[in-house]
Amino acid sequence: MTDFMQLLLSGVAMGAIYAMAALGFTLLWQAAGTINFAQGEFVMLPAFAMLIGMSMGLPLWASFIVAVALSILVLGAAFKKWIVDPMRGSGVVSVVVATLGLSIGLKSFVKAGYSAEPHPFPSIFGDEVFKLAGVTISYSDVGALVFAGLMVVGLQMFLNKTITGRAMQAVAQNTFSAEALGINVKRMIFYTFAINAILVSVTALLITPTYLAKFDMGDNIGLKAFFAAIIGGFNNSRGALLGGILVGVLENLAGAYLTPAYKDGVALVLFLAVILVKPDGLLGTPQERKV
Amino acid sequence: MKKTTLLSTQHLALLTLALLAMCFAPALLKTYGLYLLTLWLVYVIAAMGLNLTVGYAGLKSLCHAGFMGVGAYTVAIMMKAGISFWIASPMAIVICFALGLVIGFPALRVQLHYLGFATLGFNLLLVLFFRNEEWLTGGTFGIQNIKRPDFFGVSLESNTSFYFLVLAITVIFGVLLALLLRSPWGRAFAALRDNPIRAESTGVNITAYTLMSFAIGAAYAGIAGALFAPLVNFIEPAPFGISNSLLFLMMVVIGGSGRFYGPVLGAAIALLLPEYLRFLKDWYLAVFGFTAVAMMIWLPGGLLSMKEAWQLSQAKRAAGQKQIAEVAAAATAKGATA
């Protein structure tokens, strides 16, 4: 039973981290119609930025702040300006291929330019553990859960309670009416990209101690984020949290009780099961198709 | 009335010339060159199948290397069990086709985008299977010493004879694809890509056709895999991973998706170019990836669309100049009257 509790807790923590990458992914899709296949690499890059920062002698928290700033600049502004904006109107397949190309390019760039080896990465919450009713709990799991939970809830509040957040939602729902109402659509879309950049940086901070900093760490993270997003409901922000936690918990349990070899396949099976029964995801609402 | 022929005379002449060149190529190439040429043909078969799925039916499939792996392992395992290549390779096609149906059905019921994720995840699962089921696939050590087949008692063990087998199969499957695209099925696939809802309202059963285009694409990957295993003699999980699936999609799109010869060019670029760019070493893939991004921005139709893109920009420029001239003329006229 204690084993089970431990697996459950670390699964929830890992799932909350997946949820953040998933959330950024759905936000981009809603606001700009961009399916970002490089989302996993967007997590990998800040991890390496922090690694470089620390190797230059900065403490982890300072390198994290630098990484967030760089992310907003590169993964937010530059990505939007030089890749997403010029491709407006050239169809989903082109965007998909471009982000796939970006994913290959970024991975190989880091592999060739920095290192092909996995690098250990410190947890910002330390390595200590404590015992609660016989269950061994690590501070980094609890910290990740709290941090990720705060991020998701805070983002939800921002989107629902502030004027800017509501304007962003309006843009996601209907760009034309939003523009007609005097909302600065371009700025709102930029905010979405900036929020995604912050989300991937936090994801990198929390996930890299487990995944290790490696050029291809994004493959798995990106895929889990997609699946979490769709399982929860592609057009619902809370869905990403639910989907992420489901994926995190189930793969932890399957890895321990069924077979560790197929742990990474759990998300796919869950995804296929969910879309067979509920095509719009667990919390999603049906979308109309446009001719 | 003009008689409609299958191919224009010019097209036929060029095709004959290309085939002749392919027949004489082995005489001019050393072992490694011939190996690369054969590998290119194998990739062309696989990419042709993906082009049907992506280019003609408009579906994103990211599991092509995985399907190729299924084909390769099927042939390797069956031939190790003493079953003839000529029974094993059709089996590879059938298994890949069936897998395509199984994986495509749930994803396609919902949304076309979902197929991309479902296939990507499925490819991951296939690699895990190849790696973990050692009793069947040999795990990370793979399967070694895969023999090349006989053809009615004639051994195809030599590089040149095996090359001709692959060439023949490439031509056969190319012709089959061309015929398929000219049939009502091919037109239904195109209708599907251009506007699924309109296609549905004119009576095309979109689920059935999308599923078919995906499964046929998978079957092409299956035969490519079936030829890949005896070509390299040794298979392991690595070449069938997600990154090669992405590479296949790149081949199709960079060559020109939805164009018959797109994959032929795309496969050449993805396979032969790295040989010439050896000096770039690890940087090659980075350059490749970023080039793909740039191409999607400036030339989304692929290399074979260059002519149209150029004509379009010329037409635009001409139209722009005409407009400027008209405005200028109007201004001068106005100035003259004033």
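Guide: We begin with accessibility: a residue is called buried when its relative accessible area is under 20%, exposed when it is over 50%, and partly exposed in between. Keep in mind that this is a predicted model.

Visitor: Is A:Lys80 buried or exposed, and why?

Guide: A:Lys80 has a relative accessibility of 11%, so it counts as buried. The side chain of A:Lys80 forms a salt bridge with that of A:Asp85, at 3.1 Å from N to O. A:Asp85 is partly exposed because its relative accessible area is 30%.

Visitor: How many salt bridges are there over all chains?

Guide: A salt bridge needs a side-chain nitrogen of Lys or Arg within 4 Å of a carboxyl oxygen of Asp or Glu. With that rule, a search of the whole structure finds 6 salt bridges.

Visitor: Which residue forms a salt bridge with A:Asp219?

Guide: The partner is A:Lys107, and the closest N and O atoms are 2.9 Å apart. This pair links distant parts of the chain, with A:Asp219 in helix α9 of chain A and A:Lys107 in helix α4 (residues 92-113) of chain A, 112 residues apart. The accessibility classes of the two can be read with the rule above. A:Asp219, at 34% relative accessibility, counts as partly exposed, whereas A:Lys107 is buried, with a relative accessible area of 11%.

Visitor: Which residues are linked with A:Lys224 in a network of salt bridges?

Guide: A:Lys224 is linked with A:Glu251 and A:Asp264 in such a network. Within it, the side chains of A:Glu251 and A:Lys224 meet at 3.3 Å, N to O. That pair also links distant parts of the chain: A:Glu251 is in helix α10 (residues 237-257) of chain A and A:Lys224 is in helix α9 of chain A, 27 residues apart. Both A:Glu251 and A:Lys224 are buried.

Visitor: Where is B:Thr119, and is it buried or exposed?

Guide: B:Thr119 lies in helix α5 of chain B. At 0% relative accessibility, B:Thr119 counts as buried. Its contacts give the surroundings: apart from neighbours within four places in sequence, B:Thr119 touches B:Lys60, B:Ser61, B:Leu62, B:Cys63 and B:Phe214.

Visitor: On to backbone angles. Which value does phi of A:Leu212 have?

Guide: Phi of A:Leu212 is near 65°, which is positive in a residue other than glycine. A:Leu212 sits in the loop between α8 (185-211) and α9 (217-232) of chain A. At 32% relative accessibility, A:Leu212 counts as partly exposed.

B:Asn233 is not a glycine but has a positive phi of about 70°. B:Asn233 is placed in the loop between α10 (206-232) and α11 of chain B. With a relative accessible area of 27%, B:Asn233 is partly exposed.

Visitor: How many residues of chain B are in contact with chain A?

Guide: There are 40 residues of chain B in contact with 44 residues of chain A. The area buried between the two chains is about 3900 Å², and carbon and sulfur atoms give 81% of it. In chain B, the residues that lose the most area to chain A are B:Tyr114, B:Phe117 and B:Ile197, together 16% of what that side buries.

Visitor: Which elements of chain B give two or more residues to that side?

Guide: They are α4 (85-110), α5 (112-132), α9 (196-201), α11 (242-255) and α13 (283-298) of chain B. The largest share, 12 residues, comes from α5(B). By class, this side of chain B has 29 nonpolar, 6 polar and 5 charged residues.

Visitor: How many salt bridges and how many residue pairs in polar contact are counted between chain B and chain A?

Guide: The count of salt bridges between the chains is 0. The count of residue pairs in polar contact is 2, with both at pLDDT 80 or more.

Visitor: Last, into which domains is chain B divided?

Guide: Chain B is divided into domain 1 (23-301) and domain 2 (306-338). Taken over C-alpha atoms, the centres of these two domains of chain B are separated by 47 Å.

How values were computed: Residues numbered from 1 in each chain as written. Chains lettered and ligands numbered in written order. Heavy atoms only, no water. Contact = heavy atoms within 4.5 Å. Buried area = accessible area lost by both parts, 1.4 Å probe. Polar contact = N/O pair within 3.5 Å; in protein donor to acceptor, adjacent residues only side chain to side chain. Helix = DSSP H or I, 4+ residues; strand = E, 2+ residues; numbered from the N terminus. Nonpolar A, V, L, I, M, F, W, Y, C, P; charged D, E, K, R; others polar. Buried < 20%, exposed > 50% of the residue type's maximum accessible area, 1.4 Å probe, protein only. Domains from an automatic or database assignment.
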